[in-house]
There are 2 protein chains.
Amino acid sequence: MSEASTKDLILDAAEQQFADKGFAGTSLRAIMKNADVNMASIHYHFGSKEALIEAVVRRIAEPINRERLALLDDLEASHPEGELPLRGVIVAFLTPVKRLYAHPRGRTFFPRLMGRMTMEAGEELSPVMASIFGETGARFMAALGRAVPHLDSEEVFWRLHFAIGAMAFAIAAPGIHHHNVHSITEPPDPGTSFDRLVNFVTAGMEAPAPTVTRKANK
Amino acid sequence: MSEASTKDLILDAAEQQFADKGFAGTSLRAIMKNADVNMASIHYHFGSKEALIEAVVRRIAEPINRERLALLDDLEASHPEGELPLRGVIVAFLTPVKRLYAHPRGRTFFPRLMGRMTMEAGEELSPVMASIFGETGARFMAALGRAVPHLDSEEVFWRLHFAIGAMAFAIAAPGIHHHNVHSITEPPDPGTSFDRLVNFVTAGMEAPAPTVTRKANK
DNA sequence: GTCTATAAGGAGATAGAC
DNA sequence: GTCTATCTCCTTATAGAC
């Protein structure tokens with residue numbers, strides 16, 4: 001059940017390379033070399049580079065979304081009526097991502113891949129991403145609608161995307177920890193970073209609605 | 001002065017392709033074909049693909065940073081002492097990006113490239129990005145320090161990065177306008193989108209500081 | 001399932017005529 | 001400055017032995 005099969009070796013190596021060099025920037029040869037498997041075995045197990053990308057992305061995203069939805073289920077179960085606590089919704093969305101930092105497969109490339117998926121997933125990967133994140137997105141849109149009921153759905157939509165962007169960039173931006181803009185010496189602590197992000201996003205979600213120059217609440 | 005030189009044709013085509021396919025995903029041949037110039041002319045004018053990437057990135061980023069710093073200069077000149085208005089600092093940072101939407105070179109690939117630069121700029125491009133954004137980053141870090149003086153510099157650093165992530169993702173995420181999570185029918189209006197972003201970021205910056213479990217204000 | 005070998009084409013880069 | 005032609009290497013993918 002927990003043997004390191006060739007398939008898993010390939011997935012692990014691909015994940016690392018994709019996180020580091022991007023999807024287009026990674027060659028199957030680099031993956032092969034890194035996983036110490038044969039070139040042809042990648043095609044045997046996955047069929048094509050594109051299919052391998054999808055497999056890697058799904059392996060990461062699906063557990064995250066499952067946990068997100070489970071946490072949201074719990075929250076909704078304890079608040080069957082009326083407003084949902086905003087911070088609770090945000091914590092449900094972000095907690096599974098926080099866990100990535102402590103993931104056995106590594107603490108740097110793993111989160112970075114999340115960011116790449118989010119930002120680099122144009123073109124052909126787009127329908128895949130939609131099928132992976134569609135349900136979760138819709139569920140959290142609805143939950144946020146209950147948490148900040150004074151906002152119309154378009155406003156909620158954008159704020160959710162701002163939140164995702166803040167998360168993905170803070171997690172994925174290369175070299176962000178070396179910037180040293182102002183002599184920052186301490187290593188990033190997952191717990192504190194997570195609290196920072198939750199605070200920022202919660203406050204952003206609670207911001208006053210902009211004066212819309214068009215029709216109001218849809 | 002405003003002739004469409006070969007160099008400019010290459011830069012325009014490269015910019016579009018990079019925004020669409022990413023840096024690694026774009027071949028010089030695609031750029032050549034799109035710009036209707038000769039393969040060799042790219043090397044004649046720029047020397048290498050890497051140098052072309054840097055030229056494209058600089059052409060976009062430098063005017064933005066110049067305008068950011070000019071707006072910040074104005075703001076600081078009118079507030080020589082004491083606190084800076086937070087919203088003013090944020091507007092100075094984001095306004096030049098807003099302008100991209102109305103840029104003659106296009107309203108989709110141009111902003112998307114900003115996002116790619118921000119997210120995909122690992123590895124060898126990193127020092128280039130640092131040289132481009134270093135001064136601007138430091139200036140805005142300092143300005144934010146005056147705008148939210150109760151926060152320590154590490155907190156400010158992270159919040160600035162959350163803001164950049166929110167901006168880059170909202171601007172660059174592919175297919176974000178088609179998501180249709182909740183029957184969003186209206187086309188995105190630059191003015192309103194900008195206000196949404198400014199409101200979100202300002203509120204996030206004003207969030208209460210997290211309870212730090214380590215040493216306080218550095 | 002895993003290997004070797006190789007196909008078939010795309011990549012960045014350059015030499016040298018004009 | 002621009003072109004054609006070409007070099008060399010790397011890419012994905014597959015055929016076929018084991």
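Student: Of the atoms of DNA strand D within 4 Å of the protein, what percentage belongs to sugar or phosphate?
Tutor: This is a predicted model, and the count takes in atoms of DNA strand D within 4 Å of the protein.

Student: Which residues are the closest to DNA strand D?
Tutor: DNA strand D is surrounded by 14 residues. By class, they comprise five nonpolar, seven polar and two charged residues. The closest come from both chains: A:Leu28, A:Arg29, B:Thr6, B:Asn38 and B:His45.

Student: How far is a phosphate oxygen of DNA strand D from an N or O atom in the side chain of B:His45?
Tutor: A polar contact needs N or O atoms within 3.5 Å. For the side chain of B:His45, the distance is 2.9 Å.

Student: Which helices each supply at least two residues of the surface near DNA strand C?
Tutor: The surface near DNA strand C has five nonpolar, seven polar and two charged residues. Both chains contribute helices: from chain A, helix H3 (39–46), and from chain B, helix H2 (28–35) and helix H3 (39–46).

Student: Which residue has a side-chain N or O atom 2.7 Å from a phosphate oxygen of DNA strand C?
Tutor: For B:Leu28, a polar backbone atom is 2.8 Å from a phosphate oxygen of DNA strand C. A:His45 uses its side chain, also at 2.8 Å. The residue with a side-chain atom at 2.7 Å is A:Thr6.

Technical notes
Residues are numbered from 1 along each chain as its sequence is written. Chains are lettered from A and ligands numbered from 1 in the order in which they are written. This is a predicted model: local features need pLDDT of at least 70, side-chain atom pairs count only at pLDDT 80 or more; totals for chains, interfaces and linings use all residues. Side-chain values use heavy atoms; hydrogens and water are left out. A polar contact is a pair of N or O atoms within 3.5 Å; within protein, one must be able to donate a hydrogen and the other to accept it, and residues adjacent in sequence count only if both atoms are side-chain atoms. Helices (H or I, at least four residues) and strands (E, at least two) are DSSP runs, numbered from the N terminus. Ala, Val, Leu, Ile, Met, Phe, Trp, Tyr, Cys and Pro count as nonpolar, Asp, Glu, Lys and Arg as charged, and the others, Gly among them, as polar. A residue is near a molecule or strand if one of its heavy atoms lies within 4 Å of it.
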